[in-house]
Amino acid sequence: MPTCLTVVLDINFGPKLSALTARGPVWIVESAANRTATETHWAKHRGQNHLKGVTIFNSYEGFSPEDLLIAQMDSIDLHHGEYSSHSPYDTLEVVGAKFTAEIEEALSNYGFDQFSSSPTGFSVTMSARA
């Protein structure tokens with residue numbers, strides 16, 4: 001069964017994290033607010049693995065949210081792609097970044113071919129896995 005994965009690039013998102021975790025795995029950028037929310041989630045869901053839980057990742061000085069997403073995609077795909085999961089992700093919801101031509105090109109390389117914007121970011125979907 002395919003999976004929706006959410007990537008949060010908003011450093012102030014923390015208090016809203018619990019609403020996302022019921023839908024599927026979340027990758028969230030490191031910040032004080034996001035770290036607190038992530039640790040609270042981990043404490044309530046001990047033993048939950050990365051395929052269902054929350055993964056926190058480092059930000060890099062000078063990186064825009066869009067650059068950071070592109071930089072994380074190899075790791076995201078490694079952990080949630082068809083070679084690492086019986087139910088690989090086929091939808092990526094992104095919070096806190098704008099959909100750009102660079103994002104479209106980068107995500108196309110992972111098989112994403114349907115793109116839509118949202119008030120908080122965008123989502124991308126694969127028509128079918130090759």
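T21 touches V26, H41, K52 and V54, leaving out residues up to four places away in sequence; contact here means heavy atoms within 4.5 Å. T21 itself is found in helix α1 (residues 17-21). At 15% relative accessibility, T21 counts as buried, the term being used for residues under 20% relative accessible area, with exposed over 50% and partly exposed in between (1.4 Å probe, protein chains only).

Before going on, a word about the model. It is a predicted one, where local features need pLDDT of at least 70 and side-chain atom pairs count only at pLDDT 80 or more, while totals for chains, interfaces and linings use all residues. Residues are numbered from 1 along each chain as its sequence is written, and side-chain values use heavy atoms, with hydrogens and water left out.

Now to the overall layout. The chain has four helices and six strands, and from the N terminus on its elements run β-α-β-α-β-α-β-α-β-β. Helices (H or I, at least four residues) and strands (E, at least two) are DSSP runs, numbered from the N terminus.

The six strands form an open sheet of mixed pairing, in the order β3-β2-β1-β4-β6-β5; two strands pair if DSSP finds at least two bridges between them. β3 (54-57) and β5 (114-118) stand at the edges with a single partner strand each, so one side of each is left without a neighbour in the sheet. From one strand to the next, the twist averages 15°. Within the sheet, β4 (residues 89-95) and β6 (residues 121-125) run antiparallel and are joined by five bridges. T91 stands opposite T125 in β6.

Helix α2 (residues 32-44) packs on this sheet, touching β2 (26-29) and β3, and its direction makes about 150° with that of β3. Such angles run from 0 to 180 degrees between N-to-C directions, with axes as lines fitted to C-alpha atoms, for helices over the stretch in contact. T38 lies in helix α2. At 0% relative accessibility, T38 counts as buried.

| Residue | In contact with (heavy atoms within 4.5 Å) |
|---|---|
| T38 | L17, I28, V54 and I56 |
| L92 | L5, V7, M73, L107, F112, F122, S123 and V124 |

Finally, the chain as a whole. Buried residues make up 41% of its 130 residues. Of the contacts with a separation of 6 or more, 55% come from residues 24 or more positions apart. The C-alpha atoms fill a box of roughly 35 × 35 × 25 Å along the principal axes. The chain exposes about 7300 Å², of which carbon and sulfur atoms supply 52%; accessible areas come from the Shrake-Rupley method with a 1.4 Å probe, and for residues only the protein chains shown count as cover.
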